[in-house]
Amino acid sequence: MSSETRHHTRRMIFAALFLLAGAALEALSLSWNSAVGFLTFLIGGGGLTAIGVLLYLGESVFGPGLSLRRR
Amino acid sequence: MIAQLLVLFLALDAFLLLAILLRPRVLAGTGGKTVAFLAFFLLPVSALALGTTVHLEKSKSTEFCLSCHEMEPYGQSLLIDSSDNLPAAHFQNKRIDREHACFSCHTDYTMYGDVSAKMRGVRHLWVHYVGTIPAKIELYTPFQNRECLHCHGGARSFEESELHQDMKTELASGETSCLECHDQVHDVADLSTQAKWKEDAK
């Protein structure tokens with residue numbers, strides 16, 4: 001595996017982890033009907049999701065591909 | 001319904017992301033790019049949009065408004081045992097939906113009134129967490145008759161009231177405020193001395 005491929009693979013793994021964490025926070029925020037719930041959703045969940053999506057877009061647009069497998 | 005759809009999207013996205021992390025070859029097979037697009041873009045972005053809708057809807061609830069401690073006295077003022085007290089009479093007689101008591105009177109009944117109300121809500125959050133909470137909480141702008149007349153305009157109790165007959169034009173134009181006569185509104189300063197209504201006891 002080339003260093004470039006490893007780099008891109010790591011970026012996709014980070015994207016997945018950020019999105020999972022964002023989804024967990026978004027789901028958690030649904031149980032609160034308060035300003036804290038709203039901020040948890042918007043800043044916590046939204047922020048992590050935005051980072052994950054941007055990492056994916058960076059990979060899919062500028063990277064060599066989407067596979068996590070050895071290329 | 002939207003909340004259930006949101007939970008479904010979040011669960012589906014989490015499942016796909018875990019599958020990708022545990023079995024990376026999912027992305028290499030036929031349709032790998034489609035799966036990635038779903039898991040990394042379409043589902044998270046859709047969930048974010050749905051979640052925003054859900055939370056904006058929740059933010060209209062009385063429970064949400066009263067979740068900040070500085071609003072507690074205003075919530076208690078809805079229980080003042082007096083038919084002359086405007087918010088209390090509206091709340092206790094179900095003239096407004098109790099679940100959305102604050103929002104019913106404090107939104108703007110205009111085309112983008114909900115958006116304006118939400119922007120004020122964001123300002124409230126900023127003041128609550130970052131700014132300085134004023135000793136006396138006041139509206140940013142004077143209360144508009146439009147909000148009262150949204151429900152009362154055309155209602156028999158309003159239209160046929162003798163007291164309203166001479167000032168209908170002034171009330172409609174906002175020249176005379178409804179609050180000039182109906183002036184007992186959220187008396188939080190005298191809250192401890194006022195008798196409270198207990199729904200279960202009656």
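Start in chain B, with D108(B) and R120(B). Their side chains form a salt bridge, at 3.2 Å from N to O. These two residues sit in distant parts of the chain. D108(B) is in the loop between α6 (101-106) and α7 (113-129) of chain B, while R120(B) is in helix α7, 12 residues apart. A word of caution before I go on: this is a predicted model.

Is D108(B) buried or exposed? It counts as buried, at 16% relative accessibility. R120(B) is partly exposed, at 22%. The cut-off for buried is under 20%.

D108(B) has another partner. R146(B) meets it in a salt bridge too, at 3.9 Å from N to O. R146(B) lies in helix α8 (residues 145-152) of chain B and D108(B) in that loop between α6 and α7, so this pair ties together parts 38 residues apart in sequence. R146(B) counts as partly exposed, with 34% relative accessibility.

Salt bridges link D108(B), R120(B), R146(B) and E147(B).

One more pair in chain B. K60(B) forms a salt bridge with E57(B), and the closest N and O atoms are 3.5 Å apart. K60(B) is buried, at 15% relative accessible area. E57(B) is partly exposed, at 44%. Over all chains, the structure holds eight salt bridges.

Now the interface. How many salt bridges cross between chain A and chain B? Zero, by the rule used here. Polar contacts do cross: six residue pairs, both residues at pLDDT 80 or more.

On the chain A side, α1 (3-29) and α2 (35-62) each supply at least two of the touching residues. That side divides into 21 nonpolar residues, eight polar and two charged.

What about the area? About 2,900 Å² is buried between chain A and chain B, and carbon and sulfur atoms give 79% of it. L30(A), N33(A) and F38(A) supply 24% of what chain A buries against chain B, more than any other three residues. In residue terms, the contact takes 31 from chain A and 35 from chain B.

Last, chain A itself. Its secondary structure is two helices and zero strands. Of its 71 residues, 48% are buried. Chain A exposes about 3,500 Å², with carbon and sulfur atoms supplying 68%. Take its contacts with a separation of 6 or more: 59% are between residues 24 or more positions apart.

That's my tour. Over to you.

Note on methods
Residues numbered from 1 in each chain as written. Chains lettered and ligands numbered in written order. Predicted model: local features only at pLDDT ≥ 70, side-chain atom pairs only at ≥ 80, totals over all residues. Heavy atoms only, no water. Contact = heavy atoms within 4.5 Å. Buried area = accessible area lost by both parts, 1.4 Å probe. Salt bridge = Lys/Arg side-chain N within 4 Å of Asp/Glu carboxyl O. Polar contact = N/O pair within 3.5 Å; in protein donor to acceptor, adjacent residues only side chain to side chain. Helix = DSSP H or I, 4+ residues; strand = E, 2+ residues; numbered from the N terminus. Nonpolar A, V, L, I, M, F, W, Y, C, P; charged D, E, K, R; others polar. Buried < 20%, exposed > 50% of the residue type's maximum accessible area, 1.4 Å probe, protein only. Areas by Shrake-Rupley, 256 points an atom, 1.4 Å probe, with all protein chains shown as cover.
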